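Biologist: Please put the chain on the screen. I would like to go through its fold with you, one question at a time.

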Amino acid sequence: MGIELVSLESPEQARSFAIESNGPEDTQAIGRLLGESAGPGDVFLLVGDLGAGKTCLTQGILFGLGSDEFARSPTFVLVSQYPGRLTMYHMDLYRLNSFTEVLDLGLDEYLFGDGVSVVEWADKAAEAFPESHMLVEIQYTGEDTRRLRFTARGAHYRDILKKIKAMGSAHTCKQGGVRS
Ligand SMILES: Nc1ncnc2c1ncn2[C@@H]1O[C@H](COP(=O)(O)OP(=O)(O)OP(=O)(O)O)[C@@H](O)[C@H]1O
Ligand SMILES: [Mg+2]
């Protein structure tokens, strides 16, 4: 007789799970779903190494918001603004060195506004963001493969998580393990 592992949370309630992306188009498709599901004031915090695919995911989010523009990592400006069903604010904190520098940017105007904020290198200033958000951690697993771990903080984001999960089982993306 083996030992059975029982999760304390049913998969329905799980707040975090991972999905495997098998190419940039998978990552964009996941982003598109995030963009389609996004509401006013939504915040997506993206974390991952250089070249992980944060901008790739952001491109998908922008498509999902109804734009046909390609989001590019803002190089000289720290915030790019794109029109769409909802305005998307794309922030990239890579060049910032301290939490104070982030605060000095006055990002609250975007983060607490009616648009959708997408923040690359959000781990540079974790405390600067609203408590309610979707955290997306992207991990390099191979040349064309990535693991995207979603953590939903807040009921609205858990609803989005369910949609991504449904996509994970239907799409070419392989769904990873579910954990609380
Ligand atoms: N499954 C995948 N998902 C996303 N990107 C992938 C995947 N496989 C390969 N790639 C490639 O990885 C690169 C990801 O680049 P991207 O600019 O999105 O990374 P980033 O995380 O924004 O990096 P940076 O920190 O420099 O802004 C692209 O060249 C993309 O084509
Ligand atoms: Mg980028």
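Modeller: A definition comes before the questions: two strands count as paired if DSSP finds at least two bridges between them. Keep in mind that this is a predicted model.

Biologist: Which residue is the bridge partner of Val136 in strand 7?

Modeller: Strand 6 and strand 7 (residues 146-153) pair in the antiparallel sense over eight bridges. The two strands form a hairpin with five residues between them. One of the bridges joins Gln139 to Arg147. For Val136, the partner in strand 7 is Phe150.

Biologist: And which residue in strand 6 does Leu46 stand opposite?

Modeller: Here the pairing is between strand 2 (residues 43-47) and strand 6 (residues 133-140), in the parallel sense over four bridges. Leu46 stands opposite Val136.

Biologist: In strand 7, what is the bridge partner of Ala18?

Modeller: Strand 1 (residues 16-21) runs antiparallel to strand 7, and six bridges join them. In strand 7, the residue that pairs with Ala18 is Arg149.

Biologist: Along strand 7, which side chains point to the face that is buried?

Modeller: The side chains of strand 7 alternate between two faces.

Biologist: How many helices and strands does the chain have?

Modeller: Read along the sequence, the pattern is β-α-β-α-β-β-α-α-β-β-β-α-β. That comes to five helices and eight strands.

Biologist: How many residues of helix 2 are buried?

Modeller: Helix 2 covers residues 54-64. Its buried residues run from Lys54, Thr55 and Cys56 through Leu57, Thr58, Gln59, Gly60, Ile61, Leu62 and Phe63 to Gly64. The cover over them includes helix 1, strand 2, strand 3 (79-82), strand 4 (88-92), strand 5 and strand 6. Of the eleven residues of helix 2, the number buried is eleven.

Biologist: Why does Gly60 count as buried?

Modeller: Gly60 lies in helix 2. Leaving aside neighbours within four places in sequence, Gly60 is in contact with residues including Thr27, Ile30, Gly31 and Gly35. Gly60 and Leu34 are 26 residues apart in sequence, with their C-alpha atoms 8.0 Å apart. A residue is buried if 20 or more other C-beta atoms lie within 10 Å of its own, and Gly60 is buried because its C-beta neighbours inside 10 Å number 24.

Biologist: How many residues has the largest nonpolar core?

Modeller: Ile61 is among the residues with the most contacts inside this core, as are Phe44, Leu45, Leu46, Met88, Met134 and Val136. Outside four places in sequence, the contacts of Ile61 are Gly31, Leu34, Gly35, Phe44, Met88 and Val118. The number of residues in the largest nonpolar core is 41.

Biologist: Which residues come nearest to ligand 1?

Modeller: Helix 1 (24-37) and helix 2 each supply at least two residues of the shell around ligand 1. That shell divides into five nonpolar, nine polar and five charged residues. Of the 19 residues around ligand 1, the nearest are Thr27, Gly53, Lys54, Thr55 and Cys56.

Biologist: In the loop between strand 5 and strand 6, what is the phi of Trp121?

Modeller: Most residues other than glycine have a negative phi. Trp121 is not a glycine, yet its phi is positive. Trp121 counts as buried, with 21 C-beta neighbours inside 10 Å. The phi of Trp121 is about 60°.

Biologist: Is Asp123 buried or partly exposed?

Modeller: Asp123 is found in the loop between strand 5 (116-120) and strand 6. Twelve residues separate Asp123 from Leu135 in sequence, and their C-alpha atoms are 9.8 Å apart. Being buried takes 20 or more other C-beta atoms within 10 Å. Because Asp123 has 14, it is partly exposed.

Biologist: Over which residues is the pLDDT below 50?

Modeller: The mean pLDDT of the chain is 86, and 84% of its residues reach 70 or more. The stretch with pLDDT below 50 has five contacts in the model beyond near neighbours in sequence, and it covers residues 1-12.

Note on methods
Residues are numbered from 1 along each chain as its sequence is written. Chains are lettered from A and ligands numbered from 1 in the order in which they are written. This is a predicted model: local features need pLDDT of at least 70, side-chain atom pairs count only at pLDDT 80 or more; totals for chains, interfaces and linings use all residues. pLDDT is the predictor's confidence in each residue, from 0 to 100. Two residues are in contact if their C-beta atoms, placed from the backbone, lie within 7 Å. A residue is near a molecule or strand if its C-beta atom, placed from the backbone, lies within 6 Å of it. Ala, Val, Leu, Ile, Met, Phe, Trp, Tyr, Cys and Pro count as nonpolar, Asp, Glu, Lys and Arg as charged, and the others, Gly among them, as polar. A residue is buried if 20 or more other C-beta atoms lie within 10 Å of its own, exposed if 12 or fewer, and partly exposed in between; C-beta atoms are placed from the backbone. A nonpolar core is a set of buried Ala, Val, Leu, Ile, Met, Phe, Trp, Tyr and Cys residues joined through C-beta atoms within 7 Å.
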